[in-house]
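This briefing goes through one protein model, from its overall build to a few selected residues. Please keep the sequence and the structure in view while reading.

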Amino acid sequence: DGPVTLAPAQERIWLFQQMEPDAATYNVTLIVRFTGPLDAERLAAAMDETVRRHEALRTVYQLVDGVVHARTLEPPRGILRRHGHAVPEADRATMEEVVATETARPFRLDSDVSIRALLVQRDEDTHDLIYTAHHLAMDGMSVGIFARDLVTLYMGGALPPLRARYADFAEAENRRWSGALLHRELKFWQEYLDGAPKLLEVPTDRPRVSQLRFTG
């Protein structure tokens with residue numbers, strides 16, 4: 001219970017986000033299509049329950065005495081929003097704009113839950129669910145886990161209790177990477193990389209840009 005330290009991989013992502021606080025570089029967006037009759041209220045309840053189940057999705061990251069800590073919020077309600085009007089399948093431009101807006105909006109890591117979701121009706125029996133999460137809370141593997149749990153709950157299925165939280169993993173990683181092991185690994189890489197060039201001099205076919213655009 002209470003604030004916990006971040007896993008090393010989380011610290012890296014958090015630091016990069018602080019360098020570009022208004023960037024959406026670390027947003028992860030997925031679109032799930034539902035065909036056939038859809039119960040939007042039931043889907044919204046399943047979304048809230050999925051976010052309650054996975055603490056990483058409702059975790060905020062705050063500085064305490066110069067050290068970033070993770071703190072889990074109480075389960076929020078109303079994660080799923082509904083788009084104001086239907087977007088027909090033929091209206092690709094509007095849908096692309098909706099997706100781009102959802103993807104480009106940054107998260108405030110010190111206060112926001114790390115996921116948002118928007119339901120867009122395409123026609124009477126077709127809906128697209130757009131959900132965006134910060135990479136601190138979701139990666140390629142957990143995208144599938146989230147979708148599986150959401151659909152299971154929407155269909156009225158039951159999920160077994162989770163055996164561990166990400167906070168447990170972070171604590172274990174920090175215990176492991178400390179003391180003599182950390183000192184030995186740092187010493188190895190400091191000696192191995194001694195004298196390495198400041199910039200990676202790789203030949204390119206165009207000049208280096210003055211500001212990163214993340215369009216590699």
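Contact here means heavy atoms within 4.5 Å. On that basis, among the contacts in the protein chain between residues at least 6 apart in sequence, 70% join residues at least 24 apart. This is a predicted model, in which local features need pLDDT of at least 70 and side-chain atom pairs count only at pLDDT 80 or more, while totals for chains, interfaces and linings use all residues. Residues are numbered from 1 along each chain as its sequence is written, and side-chain values use heavy atoms, with hydrogens and water left out.

**Overall build**

- The protein chain holds 6 helices and 7 strands, where helices (H or I, at least four residues) and strands (E, at least two) are DSSP runs numbered from the N terminus.
- Read from the N terminus, the order of these elements is β-α-β-α-β-β-β-α-β-β-α-α-α.
- Taken along the principal axes, the box filled by the C-alpha atoms is roughly 65 × 50 × 25 Å.

**Surface, burial and charge**

- Of the 216 residues of the protein chain, 32% count as buried, a term that means under 20% relative accessible area with a 1.4 Å probe and protein chains only.
- The accessible surface comes to about 14,300 Å², of which 55% belongs to carbon and sulfur atoms; such areas come from the Shrake-Rupley method with a 1.4 Å probe.
- There are 26 positive and 32 negative side chains, and the centres of the two sets lie 3 Å apart, with Lys and Arg counted as positive, Asp and Glu as negative, and His and the chain ends not counted.

**Helix α5**

- In helix α5 (residues 166-176), the buried residues are A167, A170 and E173.
- They cover an arc of only 120° around the axis, which puts them on the same side of α5; the arc is that of the directions from the helix axis to the C-beta atoms.
- Among the elements that cover the buried residues of α5 are β1 (4-5) and α1 (8-19).

**Aromatic pairs**

- The structure holds 7 aromatic pairs, which are rings of Phe, Tyr and Trp (its six-membered ring) with centres within 6.5 Å, counted as stacked if the planes are under 30 degrees apart, as edge-to-face if over 60 and as tilted for the rest.
- The ring centres of F34 and Y154 lie 6.2 Å apart and their planes stand at 65°, so this pair is edge-to-face.
- Because F34 lies in strand β2 (residues 27-35) and Y154 in helix α4 (residues 140-154), the pair ties together parts that are 120 residues apart in sequence.
- F34 is buried at 12% relative accessibility, and Y154 is buried with a relative accessible area of 11%.
- Y131 and F146 form a tilted pair, at 4.6 Å centre to centre and with 50° between the planes; Y131 belongs to strand β7 (residues 126-134) and F146 to helix α4, 15 residues apart.
- Y131 is buried at 1% relative accessibility, and F146 is buried with a relative accessible area of 2%.
- One aromatic cluster is formed by F188, W189 and Y192.

- S114 sits in the loop between α3 (92-104) and β6 (115-123), and is buried with a relative accessible area of 2%.
- Not counting residues up to four places away in sequence, S114 touches several residues, including A56, L57, Y61, F107 and H134.
- R53, found in helix α2 (residues 40-53), is buried with a relative accessible area of 15%.
- Leaving aside neighbours within four places in sequence, R53 is in contact with D149, L159, P160, P161 and L162.

Notes:
Buried < 20%, exposed > 50% of the residue type's maximum accessible area, 1.4 Å probe, protein only. Charge placed at Lys NZ, Arg CZ, Asp CG, Glu CD.
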